[in-house]
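Subject: Structure handover

Hi,

Here is the structure for you to look over. My notes follow below it.

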Amino acid sequence: MTLRIGVDVGGTKILAVAVDDAGLESGRVRRPTGWGGEAVADGIADVVRELAGDRTDVSIGLGVPGQIVPGSGVVEHALNLGIERFDLAGALVERVGIRPVVDNDVRFAAVGARSARPGAGSLAYLNLGTGVAAGIVDETGPRRGARGAAGEIGHVPVDPSGPLCRCGQRGCIEALAGGSAVAERWGRPDALPVRAVFDAADAADPRAAALRDDLVRGVAAAVRLLVLATDVDVVVLGGGIAALGERLLDPVCDELRESSAASGFLLSLRLAERVELVPRGMPVGAVGAALGSGAAVSGGARATLAALDGVDAHAVR
Ligand SMILES: [Zn+2]
């Protein structure tokens, strides 16, 4: 019996869950994220201690918004955490005596999203947050790629006349559909800028309607790209922007149908039928990290998640 603890380390908060052998969530903790590697590790150690209690048979998975040096627990370029390069796994060993599995947060979220779909085949999790990225997972586990960059589709240009992207290109998916890019183009101090854009568009503000159209086009392009490149069974929309729910999903599906109308091939892929929203309220990032916490990272680019197949992941919801 091992208690699996999954930690989703975000730019503002750490959200952690404990999952028991039956796949049941047995605890959930959240706290603010510190700034810089040592402070981030301190915060993670605190939530692990709180969830583990007296248990010693504990495995830990950490989902981090950055790149992980393949086969290591070293985090790079996690700029939202104030980390340029930091041995996060080593820092956790020092603090709690357990070596965690560290992976990209979106990749773990894909594992969590797949666990919510019993009998699921392959799945792409499209994270619509301040930026745009995807995690791709099938029955053998998440796809990492040669340099750990599989799924980083935010900077694929899809509109040569689109807005400039912070990466220097024009018309990237992220420049159209990333929360930061939308907020910057909107230019008003709203707490939830993307929601404010949708509200203003509903109220017939033409500039907001144009921004919303761009966002919908960007998300649809990402879905099309993921299906054409990987032929996943389903693309799950998650992240802060996906909290818009049907207000986002419906126009994205409309756009996918309209843009496919002239092509028998695209129509045959039934893109609109393969998109869905992440289950409301389910912490997919933390759950995926817990489910992936037992997987070996050393010696292979691909973790073995076969052990997860027996998990009644529905119960994790
Ligand atoms: Zn870009």
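The accessible surface of the protein comes to about 13,700 Å². Carbon and sulfur atoms own 51% of that area. Accessible areas come from the Shrake-Rupley method with a 1.4 Å probe, and for residues only the protein chains shown count as cover.

Two notes on conventions. This is a predicted model, where local features need pLDDT of at least 70, side-chain atom pairs count only at pLDDT 80 or more, and totals for chains, interfaces and linings use all residues. Residues are numbered from 1 along each chain as its sequence is written, and side-chain values use heavy atoms, with hydrogens and water left out.

Overall build

The protein has 10 helices and 13 strands. Helices (H or I, at least four residues) and strands (E, at least two) are DSSP runs, numbered from the N terminus. The C-alpha atoms fill a box of roughly 60 × 40 × 35 Å along the principal axes.

Of the 317 residues, 54% count as buried. Buried means under 20% relative accessible area, exposed over 50%, and partly exposed in between (1.4 Å probe, protein chains only). Take the contacts between residues at least 6 apart in sequence: 59% of them join residues at least 24 apart. Contact means heavy atoms within 4.5 Å.

On charge, there are 32 positive and 39 negative ones, and their mean positions are 2 Å apart. Lys and Arg count as positive, Asp and Glu as negative; His and the chain ends are not counted. Each charge is placed at NZ of Lys, CZ of Arg, CG of Asp or CD of Glu.

Helix 2 and its surroundings

Helix 2 spans residues 88-96. Its buried residues are L88, A89, G90, A91 and L92. They pack against helix 1 (37-52), strand 4 (58-64), strand 6 (74-78), strand 7 (83-87) and strand 8 (101-104). At the start of the helix, a side-chain oxygen of D87 comes to within 2.9 Å of the backbone nitrogen of G90. This is a polar contact: a pair of N or O atoms within 3.5 Å; within protein, one must be able to donate a hydrogen and the other to accept it, and residues adjacent in sequence count only if both atoms are side-chain atoms. Just after helix 2, G97 takes a positive phi of about 75°.

Strand 6 also holds H77. H77 is partly exposed, at 39% relative accessibility. Its phi is near 60°, a positive value in a residue other than glycine. Most residues other than glycine have a negative phi. R270 is another case, with a positive phi of about 50°. R270 sits in the loop between helix 9 (264-268) and strand 13 (275-277).

G71 lies in the loop between strand 5 (67-68) and strand 6. It is partly exposed at 43% relative accessibility. G71 and V101 are 30 residues apart in sequence, yet 9.6 Å apart in space, C-alpha to C-alpha.

E174 is in helix 4 (residues 173-177). Is E174 buried or exposed? E174 is buried, at 6% relative accessible area. Its side chain reaches the backbone nitrogen of V132 at 3.0 Å. Beyond neighbours within four places in sequence, E174 is in contact with G131, V132, G154, H155, R166 and A181.

R144 belongs to the loop between strand 11 (141-142) and helix 4. R144 is buried too, with a relative accessible area of 13%.

Around helix 6

P193 is in helix 6. P193 counts as buried, at 18% relative accessibility. Leaving aside neighbours within four places, P193 contacts A183 and W186. The C-alpha atoms of P193 and A183 are separated by 5.4 Å, and the two residues are 10 apart along the chain.

D205 sits in the loop between helix 6 (193-202) and helix 7 (206-230). A polar atom of its side chain lies 3.1 Å from the backbone nitrogen of A208. Not counting residues up to four places away, D205 touches W186, R188 and A200.

Best wishes
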